[in-house]
Amino acid sequence: MAASAVTTATTDSSSTQRKQQQNGKLDTSSSSSSASAGAGDQNDALEKDFFWTYTEEPHRTRRMAIIKAHPEVTKLCGPEPLTKWVVLGVVSLQFLLAHLLRDTSFFSWKFWLTAYVFGATCNQNLFLAIHEISHNLAFRSPTANRLFAIVANLPIAVPYSASFRPYHLTHHKSLGVDGLDTDLPTAFEALFLDSILGKAFFCTFQIFFYALRPMAIYRVPFTWVHWLNLTIQLFFDYAIVFLLPDSLFTANSLLYFLVSSFLAGSLHPTAGHFIAEHYVYEKITPEARNPDNKIPVPETFSYYGPLNWVTYNVGLHNEHHDFPAIPWTRLPKLYEIASEFYEGLPQHRSWTHVLWQFIFDEEIGMRCRVKRKVGGRVVGGGSVSAKQQQPQNQAKEAGWGDDEIEA
């Protein structure tokens with residue numbers, strides 16, 4: 001009886017211990033599963049978001065390193081006299097084509113083929129001429145650059161050169177900064193266009209996104225340059241349709257300019273640069289996606305192909321962001337001098353393939369952009385929310401000086 005009681009007690013005790021151990025294992029397993037599920041949810045959230053980072057934008061850091069290693073690169077800075085002649089040549093070519101198409105039906109294949117092959121290429125060239133001029137790289141005088149940008153704007157048919165400059169310089173000053181860099185897709189775009197059809201729509205009509213998005217983020221003040229740009233462009237468009245004789249231009253001529261501008265920012269090979277420049281095409285690890293790890297994500301990509309010949313070498317985009325005061329004709333020389341800094345950086349081989357991959361690759365989309373919550377500042381004034389002004393003031397000392405912005 002006593003032995004039986006002891007055996008029973010021992011059995012009950014062992015059973016209790018086993019249950020406690022099993023419960024402990026279950027609790028540990030449950031905690032481990034919960035942790036894994038939490039990590040999985042976090043990774044899923046990161047996969048569906050932009051690439052947020054706390055790292056400094058790479059261009060200022062690399063610029064300082066290049067100047068230290070190759071101080072002679074600073075001699076490449078300054079205006080390029082050739083720019084004004086190229087602009088005048090392209091503007092004249094567009095005038096000639098608009099004259100030749102004055103009696104051609106808007107619905108004819110001849111009109112659209114000319115607009116796509118020649119018109120879109122010319123107007124993309126003029127977009128990027130205005131980009132070049134915005135950095136004061138056509139003339140030494142800032143005023144001369146502002147006025148000449150209005151001339152380059154004429155065949156585009158929509159006044160935008162004056163507004164482009166402050167937004168673009170802010171893009172340089174505030175690369176990736178949420179609420180300041182208007183080159184970044186908005187949350188609305190990322191939500192509704194993150195599909196094959198959505199991305200195809202974006203690529204087809206991206207010229208409208210780039211035109212309207214800045215005004216939805218913040219507005220720059222209207223200056224005399226804006227009013228002059230608006231007045232001259234509207235008068236030019238009116239003159240083509242109503243004032244000049246039909247032997248020179250007609251309403252079809254203005255339509256040619258407008259269609260050329262639309263196609264230049266649509267499914268056109270040269271339009272690939274809009275996406276190629278800053279959308280992340282590299283495979284990013286989960287560790288790099290987590291901003292707490294402070295692992296830099298590549299955010300600017302260069303292209304060294306033949307389309308640079310008609311786009312002011314805008315494909316050399318790492319080089320341009322590193323040294324925005326170096327004009328298009330001298331960017332290849334910069335690459336040659338500092339090749340050890342550029343050869344290992346990710347690059348694109350085809351802008352056409354960039355568009356194709358952007359639309360059809362599920363891993364590349366509207367959210368594939370690097371974003372920062374702090375840093376940068378607005379160039380040229382503008383109304384920014386108080387929420388955004390605080391972080392921009394925090395990092396103001398770490399940014400470029402005004403002399404670097406104005407080049």
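## Transmembrane regions

The unreviewed UniProt entry lists "transmembrane region" for residues 82-101, 113-131, 143-162, 190-212, 224-244 and 256-276. UniProt positions follow the numbering used here, feature names are shortened, and annotations may be inferred rather than shown by experiment. The model itself is predicted, so to speak of local features takes a pLDDT of at least 70 and side-chain atom pairs count only at pLDDT 80 or more, while totals for chains, interfaces and linings use all residues. Residues are numbered from 1 along each chain as its sequence is written, and side-chain values use heavy atoms, with hydrogens and water left out.

Take two of the listed stretches. Residues 224-244 come out as 95% helix and 0% strand, with 27 Å between the end C-alpha atoms. Residues 256-276 are 67% helix and 0% strand, and here the end C-alpha atoms are 27 Å apart. Helices (H or I, at least four residues) and strands (E, at least two) are DSSP runs, numbered from the N terminus.

Buried means under 20% relative accessible area, with exposed over 50% and partly exposed in between (1.4 Å probe, protein chains only).

Helix α11 (residues 251-264) holds N252, which counts as buried because its relative accessibility is 17%. Contact means heavy atoms within 4.5 Å. Leaving aside neighbours within four places in sequence, N252 is in contact with L101, R102, D103, T104, S105, F106 and F111.

## Aromatic pairs and charges over rings

Y167 lies in helix α6 (residues 161-173) and Y218 in the loop between α9 (206-217) and α10 (224-243), so the pair ties together parts that are 51 residues apart in sequence. Both Y167 and Y218 are buried. As for the cut-offs, rings of Phe, Tyr and Trp (its six-membered ring) pair if their centres lie within 6.5 Å; planes under 30 degrees apart count as stacked, over 60 as edge-to-face and the rest as tilted.

Elsewhere, one aromatic cluster is made up of F201, F202, F205, F208, F209, Y210, F262, F274, Y279 and F358. Y279 also has the charged end of R369 over its ring, 5.0 Å from the centre. K371 lies over the face of F50, at 3.9 Å from the ring centre. A charge sits over a ring if NZ of Lys or CZ of Arg is within 6 Å of the ring centre and within 35 degrees of the ring normal.

## The largest pocket

The largest pocket holds about 1,200 Å³ of space. Of the 37 residues that line this pocket, Y160, F164, Y210, A211 and P214 are the closest to its centre. The elements giving two or more residues to the lining are α4 (109-134), α6, α9, α10, α11 and α12 (272-276). Helix α9 gives the most, with seven residues.

Here's how the search works: on a 1 Å grid over the protein atoms alone, a cavity is a set of points where a 1.4 Å probe fits but cannot get out, and a pocket is an open set with protein on both sides within 12 Å along at least five of seven lines; lining residues have an atom within 4 Å of a point. Grid points are joined across faces, edges and corners, and a volume is the space filled by probe spheres set on the points.

The whole structure has three cavities of 30 Å³ or more. The largest cavity has a volume of about 50 Å³, and its lining is H131, E132, T311, Y312, N313, V314, H320 and L331.

Two of those lining residues deserve a look at their backbone. Y312, in the loop between β2 (302-303) and α14 (317-322), has a positive phi of about 55° although it is not a glycine. With 3% relative accessibility, Y312 counts as buried. N313 is found in the loop between β2 and α14, and its phi is near 55°, a positive value in a residue other than glycine. N313 is buried too, with a relative accessible area of 13%.

## E80 in its loop

E80 lies in the loop between α2 (58-69) and α3, and it is buried at a relative accessible area of 12%. Its C-alpha atom is separated by 5.5 Å from that of A138, 58 residues apart along the chain. Leaving aside neighbours within four places in sequence, E80 is in contact with L137, A138, P327, W328, T329 and R330.
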